[in-house]
Amino acid sequence: MVWPIIGYRMCSLHRSKVQSVRSYIHKDPLWCLPFSGPTSSSVGSSRTRPLTKVMSWTKTYCGHAATSSFKEQEPGDSSNCHRLSPENKGLNVRNMAETDGNEDFFDLMKKRFLSFKKHTYIKKLEHFQALAEAQSPKFLVIACADSRVCPSNILGFQPGDAFMIRNIANLIPVMKNGPSECNAALEFAVTTLQVENILVIGHSSCAGIETLMKMQDVQSRNFIHKWVANGEVAKLRTKAATSHLSFDQQCRFCEKESINQSLVNMLSYPWIEDRVRRELLSLHGGYYNFKNCSFEKWTLDFKECNVTEEERSYAVKEQEFWG
């Protein structure tokens with residue numbers, strides 16, 4: 001059984017081989033609707049599931065667009081999601097987008113770095129000295145390169161917690177597409193660092209996914225087009241499932257479908273598939289909506305996946321909504 005996420009409402013979705021996918025539309029759909037393929041679909045019934053606890057390592061950070069202020073949040077003020085990190089308290093820390101043309105951006109960086117050294121590095125010197133010798137992160141995080149999506153900010157990752165990959169539209173190509181810096185980082189994180197979790201984070205209003213959805217010619221010489229073409233399967237499945245929806249709704253659907261396709265694509269790497277099969281590695285999806293500061297998390301259900309050349313069906317489990 002697969003559960004699409006739509007706001008606070010969860011809908012059950014049985015995997016089957018009929019021709020269409022039933023849509024579930026609420027006020028502002030938060031789509032995460034896995035299915036077997038363009039010719040596969042679902043016959044589902046809706047039910048409500050209780051929201052589960054937020055993971056203990058998650059901190060209450062949330063991001064605004066680049067024009068937002070980094071002023072410290074006043075008690076009871078829900079309009080400002082940003083908080084000053086402890087090392088920056090006492091500094092008039094501003095977003096670089098808010099600085100005037102006469103201020104040196106590197107001077108601002110210098111102030112932030114020296115504040116970090118004084119308030120964080122020195123106070124946790126033993127920890128940072130240990131990190132200088134070796135790293136053993138539990139997470140590999142693949143996130144979009146979008147400036148508004150900073151995993152360390154929104155999820156509270158600290159130095160040494162997570163190995164990071166950031167690219168346009170947080171895509172993972174299949175292994176047969178050949179070498180890239182993305183799968184080189186995957187290989188290092190899984191085979192050398194032996195991370196226990198891989199988390200792919202997508203987000204709302206993703207320009208990379210919008211480009212993919214608008215793209216007609218996958219043979220374009222444009223570097224951006226060539227890269228986002230790695231999400232072509234997600235696009236095709238989105239079009240098959242949501243042809244009756246608006247373009248914006250289709251993009252929201254594809255933002256989540258592409259995350260699931262990246263999770264499935266990772267199973268094409270034998271050293272990832274082997275560790276997942278032996279339950280040494282878990283693959284997770286995450287979706288950050290910076291319009292309302294909410295986060296959705298789910299885990300790929302490997303035992304329910306069927307990934308072959310002929311079929312790419314999957315299921316997800318352990319879905320949570322944080323907000």
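**View 1. Lysine 138 is partly exposed, at 47% relative accessibility**. Here, buried means under 20% relative accessible area, exposed means over 50%, and partly exposed is in between, with a 1.4 Å probe and protein chains only. The structure is a predicted model, in which local features need pLDDT of at least 70 and side-chain atom pairs pLDDT 80 or more, while totals for chains, interfaces and linings use all residues. Residues are numbered from 1 along each chain as its sequence is written, and side-chain values use heavy atoms, leaving out hydrogens and water. Lysine 138 forms a salt bridge with glutamate 196, with 3.4 Å between the closest N and O atoms. The pair ties together parts that are 58 residues apart in sequence, because lysine 138 lies in the loop between helix H2 (125–133) and strand S5 (139–144), and glutamate 196 in the loop between helix H4 (181–192) and strand S7 (197–203). Helices (H or I, at least four residues) and strands (E, at least two) are DSSP runs numbered from the N terminus. Glutamate 196 is partly exposed as well, with a relative accessible area of 38%. A salt bridge requires a side-chain nitrogen of Lys or Arg within 4 Å of a carboxyl oxygen of Asp or Glu; by this rule the count comes to 10.

View 2. Lysine 111 has a relative accessible area of 42% and is partly exposed. Aspartate 107, at 32%, is partly exposed too.

**View 3. Lysine 214 forms a salt bridge with glutamate 210 in helix H5**. The closest N and O atoms are 2.9 Å apart. Both residues belong to H5 (residues 207–214), and their spacing of 4 residues is about one turn of the helix. Lysine 214 is partly exposed at 48% relative accessibility, and glutamate 210 is partly exposed with a relative accessible area of 32%.

**View 4. Phe105, Phe106 and Met109 form a nonpolar patch on the surface**. Together these three residues have about 330 Å² of accessible area, from the Shrake-Rupley method with a 1.4 Å probe, where only the protein chains shown count as cover for residues. Patches take residues with over 30% relative accessible area and no salt bridge, joining like charges within 9 Å and nonpolar side chains (Val, Leu, Ile, Met, Phe, Trp, Tyr) within 5 Å. Phenylalanine 105 lies in helix H1 (residues 105–121). With a relative accessible area of 39%, phenylalanine 105 is partly exposed.

**View 5. The second largest pocket has a volume of about 500 Å³**. A pocket is an open set of points on a 1 Å grid over the protein atoms alone where a 1.4 Å probe fits, with protein on both sides within 12 Å along at least five of seven lines; its lining residues have an atom within 4 Å of a point. The volume is the space filled by probe spheres set on the points, which are joined across faces, edges and corners. The lining of the second largest pocket comprises 23 residues, and Val174, Lys176, Asn177, Asn265 and Arg312 lie nearest the centre. Helix H7 (232–242) and helix H8 (247–266) are the elements giving two or more residues to this lining. H8 gives the most, with 5 residues. By class, the lining has 10 nonpolar, 9 polar and 4 charged residues; Ala, Val, Leu, Ile, Met, Phe, Trp, Tyr, Cys and Pro count as nonpolar, Asp, Glu, Lys and Arg as charged, and the others, Gly among them, as polar.

**View 6. Phenylalanine 290 is buried, with a relative accessible area of 9%**. Phenylalanine 290 sits in the loop between strand S8 (282–289) and strand S9 (294–300). Its C-alpha atom is separated by 8.0 Å from that of arginine 148, 142 residues apart along the chain.

**View 7. Isoleucine 165 counts as buried, at 8% relative accessibility**. Isoleucine 165 is placed in strand S6 (residues 162–167). The C-alpha atoms of isoleucine 165 and alanine 189 are separated by 10.0 Å, the two residues being 24 residues apart along the chain.

**View 8. Asparagine 170 has a positive phi**. Most residues other than glycine have a negative phi. Phi of asparagine 170 is near 45 degrees. Asparagine 170 lies in the loop between S6 and H4 and is buried at 2% relative accessibility.

**View 9. Serine 205 has a positive phi of about 55 degrees, although it is not a glycine**. Serine 205 is located in the loop between S7 and H5. At 23% relative accessibility, serine 205 is partly exposed.
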